[in-house]
Amino acid sequence: MRLHRAAAAAGAGWLARTRPAPLLAALILAQLGVSAWLALGTPHNGFVWYSGGDATEYWTSQWALAHGLIPQSVVGWAVPIIFAWVPLLAGPSLLNGLPVIELLNVLVLAPLALVLVWALADRLYGRLYAWAVAAFWVAGPLLAIWAFAARFRPSFEQYLLAPHWAGLTDMADLPSLVAVLATAWATVRAVQDGRLGSALGAGVLGGIMLGVKPANGYFLPAIVVLLLAWRRPRVALGWTAGVVPSLVTLAIWKSRGLGTLPILSSYVPRHEASAPTLALSTSRYFTLDWHHLAVEWHELRDVFWDVRLLQFLIIAGILGALRRNARSGLFLGAWFVAYAVVKGMSNQADISTTSYFRLTLPGLAALALLVPAIGFLWPGTRRLRTVVQAESWSIRWRSPATVAAVLACLIPLAVVLLEHPASTIRFGRLIPAHTDAPISRALTPRVTTDGSVVRVTWHATARPGSTRVAYAVFRTRGSDGCTLPPSGSRQCIITAPVLTSTTQTTVTDRPGPGRFWYRVAAVADYKAVPTSTDLMLLGPAVSVRL
């Protein structure tokens, strides 16, 4: 027994003293291995993994910004601005942009999330705890797969882990997770050193976090709890000042793209011109529905190995974190509750479709920090006493971090001020699929007639690797099928049903007498279904009279 204790003590001492870079590199390689396993083991069509069509909204926003336009801003500003350069290199089709974005997600953002969660854990409770959290972070997805019922595992892997944990799609969930972790680390650092400069930087990161996903406002209560627990009024002032420029950017982005500020709209969604307005009521953001949460726990009980064990891990982790250091424990507990409980009450959250896990993904990061804290309940574990440094007004004006923070505030603000809402129709949206795409002349159909027969032909779109593309053909009578949103950036909203879907580049039609418009869209989803409505590219309408 003494030998075992001595070996454990020696191992703990080595972990506490060793340089972190080699071990972090080894963990990153293990994480890349898990990502590769998910990529190869889940259904995909070339570089197209599951996104539910939401990736098309982000791509259209990125393409619009790359061409000096503000789109219908249904998503936050940060991801479109950060990736706006990709369409300039890849062209207008999401199919060609996906390889670039997915490689950046897998090779940069996912490892960055691991490093940030390690750095945050080190700040909270020390080096040994940080290594336990990092190891759990890498192994967590595999443990979760093992804990779920066999019938639920494929859905969990292909709908959540592959696209949103590994980053195999063009959506904001992985960037949102990274932004929350970065904000958490920077804010903990700011309350520990008490410097105004650190607080300003943390606030800037918090603003980017809200720009990536405005729904990350759920993280703000945890920030408030942390600031109150540390009694840091100057840090709170600096954090608030740092977040203001990004909030201004978000307000301008929404108001110019949508023609209104959704968070201030007091009315529920309505339909005009056969297309839904994009204004939202605040009830969509904050919903306290305990019945819905109870239903989700019941659904979880049907697919999870043991919900009682999970509840024990959550409660024991919070108690361990509080026992080790009350300030940090309150912060982690508020973080987890804000996402996993409060946001989990949203009527969009559902265990059976895995949407609950996607919506609460940043809260699951808090769970990854809480579970290893159970070790602090071990008898003899001492409370961690942190030295409270005096607050200061210190700002290092010439440091690279200060320059980066200033640029992070000014560049997005300049983009949303200098670019303008689209005044001509440059991109389209398909209803009720709610998928978007740029309109490109590359898909302009050639329409010819032979008596009562209409022949529509077009050129095949470029596609990377083995991606299989299908084409949806639309036919409308009396107009080109476009309706416009009631306000904001102009967009072609198509409500007409698909006339036919095909993998060929020609179709024939017998519409009868009259004037008709034909339009072709390239579509592709993760299952390569020819009847998919996930828009990759949209062509202009061409008319013909019979």
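**Helix H13 and its surroundings**

Guide: In this predicted model, the buried residues of H13 are His 292, Leu 293, Glu 296, Leu 300 and Val 303. Seen down the axis of H13, these buried residues fall within an arc of 100°, so they line one face of the helix.

Visitor: Which exposed residues are carried by the face of H13 turned away from its buried side?

Guide: An α-helix has 3.6 residues a turn, so residues three or four places apart point the same way. In H13 the buried residues keep to one face, within an arc of 100°. The face turned away from that buried side carries the exposed residues Trp 290 and His 291.

Visitor: Against which helices do the buried residues of H13 pack?

Guide: The buried residues in question include Leu 293 and Leu 300. Those buried residues of H13 pack against helix H7 (127-147), helix H14 (307-324), helix H15 (326-342) and helix H16 (355-359).

Visitor: What residue caps the N-terminal end of H13?

Guide: Helix H13 covers residues 290-303 and, with its 14 residues, reaches 20 Å from its first C-alpha to its last, close to the 20 Å expected at 1.5 Å a residue. At the N-terminal end of H13, a side-chain oxygen lies 3.3 Å from the backbone nitrogen of His 291, and the residue that provides this oxygen as the cap is Asp 289.

Visitor: Which strands stand at the edges of the open sheet, each with a single partner strand?

Guide: Four strands form this open sheet, with mixed pairing, in the order S6-S5-S11-S10. One side of each edge strand is left without a neighbour in the sheet, because each has a single partner strand, and these two are strand S6 (435-438) and strand S10 (482-483).

Visitor: What is the bridge partner of Phe 427 in S6?

Guide: Strand S5 (residues 427-430) and S6 run antiparallel, and four bridges join them. In S6, the residue bridged to Phe 427 is Pro 438.

Visitor: Is Asp 436 buried or exposed?

Guide: Asp 436 has its place in strand S6. Among the residues in contact with Asp 436, leaving aside neighbours within four places in sequence, are Thr 56, Thr 60 and Leu 535. Because the relative accessible area of Asp 436 is 7%, and the cut-off for this class is under 20%, Asp 436 counts as buried.

Visitor: Which residues are linked with Arg 429 in a network of salt bridges?

Guide: A search of the whole structure finds six salt bridges. In one of them the side chains of Arg 429 and Asp 436 meet, at 2.5 Å from N to O. The network links Arg 429 with Glu 57 and Asp 436.

Visitor: How many residues apart are Lys 213 and Asp 173?

Guide: Lys 213 and Asp 173, both buried, form a salt bridge in which the closest N and O atoms are 2.7 Å apart. The pair links distant parts of the chain, with Lys 213 in the loop between helix H10 (196-212) and helix H11 (220-230) and Asp 173 in helix H9 (residues 173-193), and the separation is 40 residues.

How values were computed. Residues are numbered from 1 along each chain as its sequence is written. This is a predicted model: local features need pLDDT of at least 70, side-chain atom pairs count only at pLDDT 80 or more; totals for chains, interfaces and linings use all residues. Side-chain values use heavy atoms; hydrogens and water are left out. A salt bridge is a side-chain nitrogen of Lys or Arg within 4 Å of a carboxyl oxygen of Asp or Glu. Buried means under 20% relative accessible area, exposed over 50%, partly exposed in between (1.4 Å probe, protein chains only). The expected span of a helix is 1.5 Å times one less than its number of residues. The arc is that of the directions from the helix axis to the C-beta atoms. Contact means heavy atoms within 4.5 Å. A polar contact is a pair of N or O atoms within 3.5 Å; within protein, one must be able to donate a hydrogen and the other to accept it, and residues adjacent in sequence count only if both atoms are side-chain atoms. Two strands pair if DSSP finds at least two bridges between them.
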